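Visitor: I would like to go through this model with you, one question at a time. Please set out your terms as we go.

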Amino acid sequence: MKSILLIGLGRFGRHIAIKLDELHHQVMAVDKEDTRVDAVLPFVTNAQIGDATNEDFLSSLGVGNFDVCIVAIGDNFQNSLEVTSLLKELGARMVVSRAARDVHAKFLLRNGADEIVYPERQLADWVAIRYSADHIFDYIELDEEHAIFEISIPREWIGKTIGQLDIRKKYNINIMALKTNDIMNLKISSDTQLLKDSTMLVLGETKHIQKCFHI
């Protein structure tokens, strides 16, 4: 369990609060609009109505006591930048800030953000990849070069084992798991057979996965 300060309770921030509640973390939620604060009260440990760009208010929250501070402000980049900078000045251990564009990310990183998230761009990438090919069922970007794809098994691979296909050597990718009827099998070995009605979770460099599966 971690203690998390969540600043900005628009749609993105609210969804973060709900998920953190599901994961049983302790969350202090902050927004200057009382309606937004009221909306997340069932999902957070504590909440404050206030302007996080105000140093005195932010200091009163004891930001150095939180494991992670998340700046989820999406409607005002200037405010996001100010809050990010103030958090670091006040001794925040870890600051994760939301960015809409690369230029935003650069300024946020220069002003104290430890990590950047791009919710709109990441969702756009997922939608574009997921729905542009019938044989892709899910996609997780790990970094700029690596990803995990849930993908259907090519017809010519069905009935063969991973060892027979020599997948890692030939394609520079790894099959991490197989899923059949929503049941995940993580016990993968060279003797594991690829079945018709299964999908597979494939890890590797995105360019190798795209080349192998014609994405």
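Guide: Buried means under 20% relative accessible area, exposed means over 50%, and partly exposed is in between, with a 1.4 Å probe and protein chains only. This is a predicted model, in which local features need pLDDT of at least 70 and side-chain atom pairs count only at pLDDT 80 or more, while totals for chains, interfaces and linings use all residues. Residues are numbered from 1 along each chain as its sequence is written, and side-chain values use heavy atoms, with hydrogens and water left out.

Visitor: Is asparagine 172 buried, exposed or partly exposed?

Guide: Asparagine 172 lies in the loop between α8 (167-171) and β9, where helices (H or I, at least four residues) and strands (E, at least two) are DSSP runs numbered from the N terminus. Asparagine 172 has a positive phi of about 60 degrees although it is not a glycine. Because its relative accessibility is 46%, asparagine 172 counts as partly exposed.

Visitor: And histidine 24, is that residue buried or exposed?

Guide: Histidine 24 is not a glycine, yet has a positive phi of about 65 degrees, and its place is the loop between α1 and β2. Since its relative accessibility is 59%, histidine 24 counts as exposed.

Visitor: Which annotation does UniProt give for residues 134-215?

Guide: Over residues 134-215 the chain is 21% helix and 39% strand, with the end C-alpha atoms 10 Å apart. UniProt positions are given in the numbering used here, feature names are shortened, and annotations may be inferred rather than shown by experiment. In an unreviewed entry, UniProt gives this span the annotation "domain: RCK C-terminal".

Visitor: Which residues of the largest nonpolar core touch the most other members?

Guide: A nonpolar core is a set of buried Ala, Val, Leu, Ile, Met, Phe, Trp, Tyr and Cys residues joined through side-chain atoms within 4.5 Å. Of the 19 residues in the largest such core, those that touch the most other members are Trp157, Ile175, Leu194, Met200, Val202 and Phe213.

Visitor: Which residues are in contact with glycine 204, leaving aside its neighbours within four places in sequence?

Guide: Glycine 204 is found in strand β11 and, because its relative accessibility is 7%, counts as buried. Glycine 204 and isoleucine 175 are 29 residues apart in sequence and 8.9 Å apart in space, C-alpha to C-alpha. With contact taken as heavy atoms within 4.5 Å, the residues in contact with glycine 204, beyond those neighbours, are Glu145, His146, Ala147, Asn172 and Ile209.

Visitor: How far apart in space are isoleucine 148 and valine 40?

Guide: Isoleucine 148 is found in strand β8 and, at 22% relative accessibility, counts as partly exposed. Isoleucine 148 and valine 40 are 108 residues apart in sequence, and their C-alpha to C-alpha distance in space is 32 Å.

Visitor: Which residues lie nearest the centre of the second largest pocket?

Guide: On a 1 Å grid over the protein atoms alone, a pocket is an open set of points where a 1.4 Å probe fits, with protein on both sides within 12 Å along at least five of seven lines, and lining residues have an atom within 4 Å of a point. The largest share of the lining of the second largest pocket, three residues, comes from α1. Among the 26 residues that line this pocket, those nearest its centre are Gly8, Asp31, Arg36, Ile73 and Asp75.
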